[in-house]
Structures are given as C-alpha cells and as structure tokens.
Amino acid sequence: MCTSHAHDPGEAAQAGAGRRGFLRATALLGAAATATVALPAAAGAAPARWRPDPDSRRFTLAVMPDTQYLFDGPSIDKAPVEASLRHLLEHGGENAENIVFLSHLGDLTQNGAAAEFEAVGEAFALLDRRGAGYSVLAGNHDVRSSTTDQRGASAYLDTFGPQRLKGKSTFGGSSPDGYNTFHLFRAAGRSWMVLALDWRLSDQGYAWAHDVLARHPHTPVVLTTHELVAEDDSLSAYGQQLWDRLIADHDQIFLTLNGHYWPPGRATRQNAAGHDVHLHLTNYQNRYFGGAAMIRLYRFDLDRNVIDVETVSPWILGRAAKGLNELERQESELSGDADRFTVGIDFAERFSGFDPVPARPARPASKVVVPGTAAYWRFDSAVSSGTVRDLSGRGNDLTVVTVGGGTLGWSPDHHPDQPGHGSLEFRGFKSPLRGAYLRTVDGAPLNSATFGSGYTIEAFYRLPADWDPAHHAWSGLVGRTGTGGAAGRTGDDPDEPLATLSLSDDREPQWAMRPLNQQGIATNWGQETPLETWWHLAVVNDGRHTTLYVEGCPVVRNPKAASVGITSVGLPWLLGGYEYGGTIDQILHGRLGDVRIVERALPVTSFMNH
C-alpha cells in the first residue's frame, strides 16, 4: 500500500548521488565541528540519547574494520575513530541515515596492550554516553595469540568484556568466556541479531553460538568475525570451518562481515536451505592513515529489497575545511566495486524459511460490500455453471462468452492483499481471436448506471511470463460496451468503447472513457507493470476529477479537466474483454482477481487491498 504522499485529484547500481551528497555534507559539517571535542550538551544536562527509528523500512548498519594502526604503542591517534563514531551518533536518530547499530570487526589494536585498549576504549565511550548499540570482537592482534576463545584473561576483555555492554538495550548476552556476544536491535518493525564471534571459536564457542541461534529461531542474523573471507569468492581455512560448522546449516545467517585480510572482497554461497549467504570482507588498514577509521554503511531498504553499501572516512571529510592533502583527497570516499555496491535481497522470501510471513486470510464478501457497492465479483472457485454471481446483491451477474473455442481456467493464485483467494485465468489470443470473457447479463442495473456523483472501480490482475504484446496488447480488465458514436459523442475515435480499463502494449494500465460532460475521451495512464506480479488498480472519480491508482499510489498522468460520470447506452460491462466498433476485439491473457465497482469515491484506505 502506497502511503508516501497524499494526492490532490484536480550488485548493480551504486548508492544514489543524493544520499552521497547528504553523507558528504553532514560529515563535513559534523565531523569537522567535532574533530577534537566531545559532542556538546547543555550545561548540567546529560547528552541526548541515541534513538534510531525502529519502524522505518530504511535503516543503516555501520561497520568499522581493523583500526590497529591507529592504536599502535606510542603512535596512538584516536581522532579518526572518534570522528567516525561522532558521525554515527549525529545521524543515528530519526533521519535519512537512521543508523541502528555499529559493528567493529576486530583488530582494534596492534599489540593488544593495555595502553592501546585504554585509548580505543575512551573513543568508544562516546557511544556509551549516548546509549548507542554496538558490538566489538577480538582479532588476532587484540589477543596476540592463535589460541581459541578459551584463552582466558586479556586486556581486550578488561576493556570490552561483557561488563562494558551489560545494561545496553541491544546487548543480548555473551559466552561464558566473554569473547563472543550477541546483540538484538529493532529495525523495520522487527528484531535483528548481530552475532559477534571471536577470531577463533572453540568447541565451546560453537556450542554457545548454536544455542543462541536456537533460542532466536525467527531472527535474521548478521554474523561478524575477524576472519572468514580471504579474497573474492574464497574463504580462509578457518573461514571454511566456520561455514561448515555454523553458517551453512543456519538459514537465519544471511550476511557475514569480516576484516583481517585485504583488499576488500565478496563471496556468495548457498547454504543448506538453498539460500544465498552474502559474505563480505572489508579492511582498509593498508591504506592512507591506517584506513583513517573508514566506516562501511550498509543501508537496508526493505521496500526496494536492496542493501546499498558505501565506504567513507568522516575524519577525512571533516578535515576538508582545513584543506586536504593529496592522499586524503583520494581516500575520503571509496568508489571501487568492492567499496560501493548494491546487494539485492528479497527479504520476505529470503527469511521465509525461518520466519514466514503469515498469509493474509480471505475476507468474507460482507466485509467488502461497502455502502454504495454497485457490483462485486470474486473467483473463489472455477466458473462451472457459466455464471458468476454479483455478491453485492444488486443483480449484476456475469455470464461466460467464448470465442474460437476458448475457455476460462481457475487458479488459487491471488494478490496477497486480495479479499478472495482465487483468480480466473483468461487465455486470450489475437490473430486469430480466441478465448473467453465475462459480460453482465442483459438488464443488469449496472448497464445503465452513469455514476454522476462519482465512482470507484477496482481490479486485481497478473500477467504471465509468456505475455506477448503482438498477441495480447490492449486487452481489457474491466470495461463498458457501446461506442462513442452510438452515444452521440463524436470527439476522438467514435468506434472506441464508452469505458475501458485496459493494458497497453507496454503493459501500462489505461482508463479511457467518455464522461457525461465531454464529447471526447478522457484518459488516465499508469506506468509499465512487470510480468508475473500481482497488481491492484483503482480508478476513483469524485464527481469532478478522475485519479488512477496503482497499488494505492496515484499515477502522474491523471487529467486535470473536469470529468463527470460515465456515458452509457444501456449495454453490458465486460471483464477480460475489449470491444471496438461494437465487436469483441481482444481478450485478456492473464489472471483476474476480485473486481468491485462502487457508486462513490473511496479513499485509499478503503480500497480492497488495504
């Protein structure tokens, strides 16, 4: 359902330039202003809490890879990390960026020394003071050991152990050793998990991770660890073990993020359920200023079914006012194929194996027959008697008309928001014309109705993969027979029917009709609608103007001229057929779901797909 705006009737593409411009501008303003000082707060007042929007279907997961060269003994420089963290705080609320969580991928420090951890811990205190959600994990440099997560005490645990995270709203818990944690955050109206794993899991670590996933069986998971992907389409030996022992058999894990190696790379593998798992390597420590605390922004958009990925250094962008050196100019934003890209994911389908979306139940006809309903037809079963009853009770029943031996089929397939759970399968073909369609019975009240006070006409349809404009274009979904010439309307082509909701050769829905107050044809045009997808159309006239809606969204080509009613010569309406010159000229090739005609203008919230 489209709710983007009110309407007055009278691995492909890169992240959009508009979003890049927004990021650049905010980083320049924010990071420069806060490069060396903490975020300001009113005197005597605590800093404002970090509050991302948990319901927006657009949100961002921020990722920070290896920062070890910034925290290396006597050369510690925490300013780049602080600039990145301040940027996240400035844009983690209810705004276009909507940053919901930060994941560090390990190797926070070079030597795992207490002084190094003290410095990086002070930087992350910026997040603590604002209540921001984040995860960290130990890389090999943080523990200076090849042993597993059973290694015991370390400076890493002293600084970033569970004691630091307890009390955070996103913290879910840790393994007994403290080196593995899981985190839950709300975004797009649901719960998501970040599973942050040590750089070397023990048997105990694997058992703990299995248990966490088992206790959250319906939660999609982003797995973060220090080592997994080694280069494009290749896992390290340990990464392969992690895949075999944990990732492959847990369909919840749809995305993994790791550092350790460079240059950045990506792999995609199918898990045991046959679903893609996206495995990403991100690490910039080999670049200017140790990577300058680069952050990677994973922008989830559940309406577009994509994750747009962008890599940027707020610290470098924030220095622009002072003038960037040659290397800084090259590094402020990275635009390589491994740094800025889009991942396409049909989230509902991808998550359906472990968290299926419940099908919307069928609604009884009594709930759909709203006041003013002139006709309502639905196809919960095949048309066996040759007649489809008008469920409005107004007597506008339909009969089947066959051409060239054509037939009507039936399918349980339907639009997910359709009241009835079935559709008729029209098998139209032209040259020669054959198929079957429906018409209202002679004498049906609808045949003479002119709708002078307004109307709403709705239909659900789906076109198959073999739809061919050479044989199927300009078929009607819903229409009225009788020509303009027969009605004395001489404007435009007099052989065109008085009203038709049709599909062009480009599969554009078109409402073309003769109003009572015009000689010519008034036409509303929609955009091309893809094949093998269910669509809902609504034509709404408020007694003055007519608006065509696709999936509840108003189209751009709606005529501004006054339009009153629909001209009639008392002849039948058609479903699935189109007449020209008073003769059937085309028959629908596709599925048609519920159709409703109401003698008044309905708001979008009252459409059948609401």
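Analyst: Let's begin with helix 3 (residues 114-130): at 1.5 Å a residue, its 17 residues should span 24 Å, and its end C-alpha atoms are 24 Å apart, so the two agree. The expected span is 1.5 Å times one less than the number of residues. Helices (H or I, at least four residues) and strands (E, at least two) are DSSP runs, numbered from the N terminus. This is a predicted model, where local features need pLDDT of at least 70 and side-chain atom pairs count only at pLDDT 80 or more, while totals for chains, interfaces and linings use all residues. Residues are numbered from 1 along each chain as its sequence is written, and side-chain values use heavy atoms, with hydrogens and water left out.

User: Where does helix 3 bend, and what makes it a bend?

Analyst: At Phe 124, by about 35°. The bend at a residue is the angle between axes fitted to the seven residues ending there and the seven starting there. Just after helix 3, Gly 131 takes a positive phi of about 75°.

User: Why is Thr 224 called buried?

Analyst: Buried means under 20% relative accessible area, exposed over 50%, and partly exposed in between (1.4 Å probe, protein chains only). Thr 224 has a relative accessible area of 0%, so it is buried. Thr 224 sits in strand 7 (residues 221-224). Leaving aside neighbours within four places in sequence, its contacts (heavy atoms within 4.5 Å) include Ser 103, Val 194 and Leu 257.

User: And why does Val 100 count as buried?

Analyst: Val 100 has 2% relative accessibility, so it counts as buried. Val 100 lies in strand 2, and it touches Trp 50, Pro 52, Phe 59, Thr 60, Phe 185, Arg 186 and Ala 187, not counting residues up to four places away in sequence.

User: Why is Phe 289 called partly exposed?

Analyst: Its relative accessibility is 32%, so Phe 289 counts as partly exposed. Phe 289 is found in the loop between strand 12 (276-281) and strand 13 (295-301), and has a positive phi of about 55° although it is not a glycine.

User: Is Glu 551 buried or exposed, and why?

Analyst: Glu 551 has a relative accessible area of 18%, so it is buried. Phi of Glu 551 is near 55°, again positive in a residue other than glycine.

User: How do the residues lining the largest cavity divide?

Analyst: Into eight nonpolar, one polar and no charged. Ala, Val, Leu, Ile, Met, Phe, Trp, Tyr, Cys and Pro count as nonpolar, Asp, Glu, Lys and Arg as charged, and the others, Gly among them, as polar. The lining includes Trp 50, Leu 127 and Gly 133, with three residues, the largest share, from strand 2.

Methods: 1 Å grid on protein atoms, 1.4 Å probe; cavity = no way out; pocket = protein on both sides within 12 Å on 5 of 7 lines; lining within 4 Å.
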